[in-house]
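User: I would like to learn how to read a model like this one. Please take me through it feature by feature.

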Amino acid sequence: MKKELPGGYELDDSAARIDVAEVHSFLSTQTYWAKGRPYEIQERLVREANRVVGLYHENRQIGFARTVSDGVAIAYLADVYVLPEYRGRGFGAMIIRFSVEEGPFARMRWYLHTVDAHGLYKKFGFAPPSARALERQAPE
Ligand SMILES: CC(C)(COP(=O)(O)OP(=O)(O)OC[C@H]1O[C@@H](n2cnc3c(N)ncnc32)[C@H](O)[C@@H]1OP(=O)(O)O)[C@@H](O)C(=O)NCCC(=O)NCCS
């Protein structure tokens, strides 16, 4: 599923098109949550995802998001980013809308974790979890 945007930009959920080296280079150095993530792990996360969304400008990967789902009721959004030079122009919101509202998981309950950008996700209905939500940390 592809979505052409004005100005030579494009959203695409083809996993084969993801520039894993570019995604890894950004996430493993520029984010607090994936700092130091090995290349092989990033490659596997792309391969095992239920949907990966890329944002491209003239075929250069400039943004990304990854969705994991049980295929029925629950979806989880992770690794959302837009390269710094392209921020503040609505692309983050477009990646989230395309991932959450315009894909095969639109009818599901969504989860995500982030320390910042809560305001951005609120626009798409994300709010602090209900009292029923629990979380188990991964072992060290
Ligand atoms: C978060 C991120 C994806 C936003 O991308 P972006 O292209 O700049 O976002 P947009 O231009 O679509 O912004 C849409 C709206 O969200 C708001 N917003 C953007 N980043 C925000 C943040 N960090 N906190 C709160 N609100 C934010 C914008 O002000 C804008 O509001 P408006 O529509 O009222 O003007 C980008 O800043 C990024 O890659 N950050 C580093 C990675 C990261 O922190 N990811 C989130 C954790 S999963």
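User: Which residues of α3 are buried?

Analyst: The model is predicted. A residue counts as buried if 20 or more other C-beta atoms lie within 10 Å of its own. In α3 (91–100), the buried residues are F91, G92, I95, I96, F98, S99 and V100. That is seven of its ten residues, and the helix is mostly covered.

User: What does I95 touch?

Analyst: Leave out residues up to four places away in sequence. I95 then touches L11, V53, L55, G63, A65, V80 and V82.

User: How many residues are in the largest nonpolar core, and which have the most contacts inside it?

Analyst: This core has 26 residues. V53, A65 and I95 have the most contacts inside it. The elements giving two or more residues to the core are α1 (20–30), α2 (39–48), β3 (51–57), β4 (60–69), β5 and α3.

User: Where does V52 lie, and is V52 buried or exposed?

Analyst: V52 lies in strand β3. V52 is buried, because 24 other C-beta atoms are within 10 Å and the cut-off is 20 or more. Beyond its neighbours up to four places away in sequence, V52 touches D13, A15, I18, V46 and R66.

User: How far apart are V52 and A21?

Analyst: In sequence, V52 and A21 are 31 residues apart. In space, they are 15 Å apart, C-alpha to C-alpha.

User: How do I read a pair of packed helices?

Analyst: Two packed helices are described by the angle between their axes and the distance between the axes. Take α1 and α2. Their axes come within 10 Å and cross at roughly 120 degrees. The crossing of α1 past α2 is right-handed.

User: Which residues of α1 and α2 meet?

Analyst: From α1 come V20, V23, H24, L27 and S28. They meet Y39, Q42, E43 and V46 of α2. By class, the residues of this contact are five nonpolar, three polar and one charged.

User: Which residues of α1 are buried, and what do they pack against?

Analyst: Start with the general idea. An α-helix has 3.6 residues a turn, so residues three or four places apart point the same way. Now the case here. V23, H24, F26 and L27 are buried in α1. The buried residues of α1 pack against α2, β4 and β5.

User: Which residues other than glycine have a positive phi?

Analyst: Two cases are worth a look. E58 has a phi near 45 degrees, a positive value, and is not a glycine. A117 is not a glycine either, and its phi is positive at about 60 degrees.

User: How many residues surround the ligand, and which are the closest?

Analyst: There are 16 residues around the ligand. The closest are R87, G92, A93, G119 and L120. Elements giving two or more residues to this shell are β5 (74–82), α3 and α4 (118–122).

User: What classes make up the shell around the ligand?

Analyst: The shell has seven nonpolar, six polar and three charged residues.

Note on methods. Residues numbered from 1 in each chain as written. Predicted model: local features only at pLDDT ≥ 70, side-chain atom pairs only at ≥ 80, totals over all residues. Near = placed C-beta within 6 Å. Helix = DSSP H or I, 4+ residues; strand = E, 2+ residues; numbered from the N terminus. Nonpolar A, V, L, I, M, F, W, Y, C, P; charged D, E, K, R; others polar. Core = buried A, V, L, I, M, F, W, Y, C linked by C-beta atoms within 7 Å. Buried ≥ 20, exposed ≤ 12 C-beta atoms within 10 Å, placed from the backbone. Contact = placed C-beta atoms within 7 Å. Axes fitted to C-alpha atoms, helices over the stretch in contact; angles between N-to-C directions. Left-handed = near helix turned anticlockwise from the far one by under 90°.
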